[in-house]
Amino acid sequence: DLATVSVLYWTHHNMRWLLVLTLIGSSAGQGCSLLSQHVGECPSGYEAIGIDTMETCSHYICALLLDSYGFAHGSDATRKLNGAALGCNITAWDGLTEGGGAICRPVPAPAPLTPTPESCMGLSVGEYVCPDNMVPATVGTMTSCSAYICSSLLQPSEYGHGSALNKKLSGTNYGCSITDWDGSSLTTVICEPITDCDKLVYSKTAFCPEGTVPAPLQLMTSCLNFICSVLMPSSSSIAHGASTTKKITGRDYGCQLQQWNGTSVADVVCAPEETVSS
């Protein structure tokens, strides 16, 4: 009867609005309440929202900001959000047809600057070769100092490499990330100051070159990663220094110091005499 139909309509109508209000409340908790609609472009201090925000906040925008028969866009010039009477959905847009303007949000405050580790401040870049008293940086240095390198040394669209011939650091336009590299076509080299590790040399002849001596155990320990990643000719190499009880194994064997009986290892890690004597 008419009373039953009226109750059903009332229940359906109000449940629908209860659902909409619930979605709006949920959206507001996700920052949608900060959004505003502007004719034309976003004003100073505001920026057009991305497609992800438009999807997340669509119910909020349709209910409180957007004309039911209009549409609005964000930063994506190929998508628009239609008003409630048109389905409150995101569809293709030619980027030209006038609508309800842009949906904007306040430009986020810049994140607080993280202090740059002091060890990163001495880094530099060179063209093909490093400046005097500097050497190509290890992957470890490039990783720990990547934020500083990308913001202060590399151009946004630039790539740089260090001592590893299979890794490169990409600029901010490409995510400021370390990725695989084929060892060619890069002119920029990332450099770090020479340290005691950089002065080490590797010999496959069982004898150290003139002016150098087998590296002491302390230096072998502190420069372990450098020896494995830079000096050793292969990841399966094994070498010794001055100690007759310890050998250093390549990356295939864990890049570690292991017990050694003093025989059957020909490769030797050497250090300048003045470094050892001092």
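Is Glu-47 buried, exposed or partly exposed? At 27% relative accessibility, Glu-47 counts as partly exposed, where buried means under 20% relative accessible area, exposed over 50%, and partly exposed in between (1.4 Å probe, protein chains only).

## Basis of the model

This is a predicted model, in which local features need pLDDT of at least 70 and side-chain atom pairs count only at pLDDT 80 or more, while totals for chains, interfaces and linings use all residues. Residues are numbered from 1 along each chain as its sequence is written, and side-chain values use heavy atoms, with hydrogens and water left out.

## Overall composition

The protein chain contains 8 helices and 18 strands, these being DSSP runs numbered from the N terminus (helices H or I, at least four residues; strands E, at least two). Of its 278 residues, 35% are buried. The chain exposes about 16100 Å², of which carbon and sulfur atoms supply 56%; accessible areas come from the Shrake-Rupley method with a 1.4 Å probe, and for residues only the protein chains shown count as cover.

Among contacts between residues at least 6 apart in sequence, 59% join residues at least 24 apart, a contact being heavy atoms within 4.5 Å.

## Nonpolar cores

In soluble globular proteins, nonpolar side chains tend to be buried together. A nonpolar core is here a set of buried Ala, Val, Leu, Ile, Met, Phe, Trp, Tyr and Cys residues joined through side-chain atoms within 4.5 Å. The largest such core has 18 residues, and the members that touch the most other members are Leu-200, Ile-227, Met-232, Ile-248 and Val-269. Two or more residues come from each of α6 (217–222), α7 (224–231) and β18 (267–272), with α7 giving the most, at 5 residues.

A second, separate core holds 13 residues, among them Leu-35, Met-54, Cys-62 and Leu-81.

## An open sheet and its cross-strand pair

Three strands form an open sheet in the order β1-β6-β2, with antiparallel pairing; two strands pair if DSSP finds at least two bridges between them. The edge strands, each pairing on one side only, are β1 (36–38) and β2 (46–48). From one strand to the next the twist averages 45°, with axes taken as lines fitted to C-alpha atoms (for helices, over the stretch in contact) and angles running from 0 to 180 degrees between N-to-C directions.

Strand β6 (residues 102–106) pairs with β2 in the antiparallel sense over 3 bridges, and within β6 the bridge partner of Glu-47 is Arg-105. The side chains of Arg-105 and Glu-47 also meet in a salt bridge (3.1 Å, N to O), which links strand β6 to strand β2 across 58 residues of sequence. Arg-105 is partly exposed, with a relative accessible area of 30%.

## Salt bridges

Side chains of opposite charge can pair when their charged atoms come close. The structure holds 3 salt bridges, each defined as a side-chain nitrogen of Lys or Arg within 4 Å of a carboxyl oxygen of Asp or Glu. One of them joins Lys-167 and Asp-180, whose closest N and O atoms are 2.6 Å apart; Lys-167 lies in strand β10 (residues 167–170) and Asp-180 in strand β11 (residues 178–180), 13 residues apart. Lys-167 counts as partly exposed at 25% relative accessibility, whereas Asp-180 is exposed, at 58%.

Asp-267 and Lys-204 form a salt bridge through their side chains (3.5 Å, N to O). Because Asp-267 lies in strand β18 and Lys-204 in the loop between β13 (201–203) and β14 (212–214), the pair ties together parts that are 63 residues apart in sequence. Asp-267 counts as buried at 9% relative accessibility, while Lys-204 is exposed, with a relative accessible area of 54%.

## Two further sites

The loop between β13 and β14 also holds Glu-210, which is exposed, with a relative accessible area of 83%. Glu-210 and Pro-272 are 62 residues apart in sequence, and their C-alpha atoms are 9.0 Å apart in space.

Phe-71, found in strand β3 (residues 71–72), counts as buried at 12% relative accessibility. Phe-71 and Gly-99 are separated by 28 residues in sequence and by 5.2 Å in space, C-alpha to C-alpha. Not counting residues up to four places away in sequence, Phe-71 touches residues including Leu-66, Leu-81, Trp-93 and Gly-99.
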